[in-house]
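Keep the sequence and the 3D view at hand as you read.

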Amino acid sequence: MMIRAISILILSTFLSFNIYAQQKFPLDTVQWEINAQSYVLENYKGKDALYMQRGMASLKDVTFLNGTIEFDVFLTERQGFPGVRFRAVDANNMESFYIRAHLPGKPDANQGTPVINGLSPWQLYFGPSYSVPYDYNYDDWTHVKLVVNGKRAQVFFDYSEKPHLCWNLVREPKEGRIAISGGGPNPMHYANFTIDKTATQLVDFKVHERKPIDGLVPAWEISDKFEETQLDNLANIKGLITSRKWLGKVQIEEGTAANIARKVLLRDGTKKNTVFAKLEINSDKEQTKLFEFGYSDRAVAILNDQPIYKGNNRWRSRDYRYLGTIGLFDAVYLNLKKGKNILLLAVSEDFGGWLVTGKFTDPSGVVVN
């Protein structure tokens, strides 16, 4: 009897600890600060739910560093991006995971990405390192389980014992707020939101390693912002260049591109959406060199104060499924003079990643600073 009593006591203590550790947060205006175009609190498909469009619901008085976040979401085939944002140290910097509900089974059916200075650079953090195909169910609730520990995270769908996606977090781990997003252009229902800060164990953590692009220029110097329309006046190019302030260099990330948002806040209430990304190229003689490059979203290339290229790599700029992801998709022949040459890429951004990258196909005879 004594052994049985002790066993019951241990079991009840364990269950009480688990109940205490896992906190459920009713989706209401008491627990959540809701800022959305529209929302409804209702019972939907048997669950007390929040139906939200174009906005965010943030937990009040709750912060999160490591642990497990779980929730149910009722997906539809309409384009939408429901998900969770976590470790939000301010309104512009956090980690996130969201679902592209309209892309079941596609390689980009979901997305893990940081938010850096207000931009979610999925055009840099793309591919199997940050997303996974999954066939969504549109007839019932989808269960999402997110486990976060240090600089690693993984997602389980529909009570799977094995993770569907594992990825390395980009930002340094800092405790911050939690929010759920409003589904983009089409609303989604959320229910059963829980957090367990003690459940930090990762399961079968394996990430897909992206192969870096060889020979990239390792860093670009970034200017302050200006309005993209100022590039339309070719006679003003030199004055536009000389009036800039230089903010320092941005290093290549993911072996792929430099993230301009590391230095510049895009959305600040002004129309300024463009910076210069600068390279100083020292050539041992007068020569022509092929320079491969990439950018997001639009770019004007200027060599020694002379415009030589203009292009558009924005999402859907080339066809309706074009993603605008970053890569060496463009090239230009640089007519270099002997000595110092200045190459500028005026890079303009809308959303998805403010990015620049490039390399010489044959770097002999040139030194890039």
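Where is the place of Asp28? Asp28 sits in the loop between strand 1 (22–24) and strand 2 (32–44). Helices and strands here are DSSP runs (H or I, at least four residues, for helices; E, at least two, for strands), numbered from the N terminus. With a relative accessible area of 21%, Asp28 is partly exposed. Buried means under 20% relative accessible area, exposed means over 50%, and partly exposed is in between (1.4 Å probe, protein chains only). Between Asp28 and Glu42 there are 14 residues in sequence and 9.7 Å in space, C-alpha to C-alpha.

A word on the model: it is predicted, local features need pLDDT of at least 70, side-chain atom pairs count only at pLDDT 80 or more, and totals for chains, interfaces and linings use all residues. Residues are numbered from 1 along each chain as its sequence is written, and side-chain values use heavy atoms, with hydrogens and water left out.

**The whole chain**

The protein chain has two helices and 23 strands. Its C-alpha trace spans about 95 × 45 × 35 Å along the principal axes. Of its 369 residues, 48% count as buried. If you look at contacts (heavy atoms within 4.5 Å) between residues at least 6 apart in sequence, 73% of them join residues at least 24 apart. The side chains include 45 positive and 41 negative ones, and the centres of the two sets lie 4 Å apart. In that count, Lys and Arg are positive and Asp and Glu negative, with His and the chain ends not counted; each charge is placed at NZ of Lys, CZ of Arg, CG of Asp or CD of Glu.

**The nonpolar cores**

A nonpolar core is a set of buried Ala, Val, Leu, Ile, Met, Phe, Trp, Tyr and Cys residues joined through side-chain atoms within 4.5 Å. The largest one has 78 residues, of which Ile69, Phe193, Trp220 and Phe291 touch the most other members. Apart from it lies another core, of ten residues, including Phe226, Leu231, Leu240 and Phe276.

Asp224 is in the loop between strand 13 (219–223) and helix 2 (237–242). Asp224 counts as buried because its relative accessibility is 18%. Beyond its neighbours within four places in sequence, Asp224 is in contact with Arg244, Lys245, Leu247, Thr274 and Val275.

Ser283 belongs to strand 16 (residues 274–283) and is buried at 6% relative accessibility. Its side chain also reaches the backbone oxygen of Lys285 at 2.5 Å. Setting aside residues up to four places away in sequence, Ser283 touches Leu336, Lys337, Lys338, Gly339, Asn341, Gly365 and Val366.

Asp330 is in strand 20 (residues 330–336), and its relative accessible area of 16% makes it buried. Asp330 and Tyr309 are 21 residues apart along the chain, with 9.9 Å between their C-alpha atoms. Not counting residues up to four places away in sequence, Asp330 also touches Phe291, Glu292, Phe293, Tyr295 and Arg318.

**Backbone spots to check**

Most residues other than glycine have a negative phi, and most peptide bonds are trans. Tyr159 has a positive phi, near 65°; it lies in the loop between strand 9 (152–157) and strand 10 (165–168) and is exposed, at 61% relative accessibility. Asp204 has a positive phi of about 45°. Asp204 is in the loop between strand 12 (188–196) and strand 13 and is partly exposed, at 42%.

Which peptide bond is cis, with omega near 10°? That bond runs from Ser296 to Asp297. Asp297 lies in the loop between strand 17 (287–296) and strand 18 (298–303).

Note on methods: A polar contact is a pair of N or O atoms within 3.5 Å; within protein, one must be able to donate a hydrogen and the other to accept it, and residues adjacent in sequence count only if both atoms are side-chain atoms.
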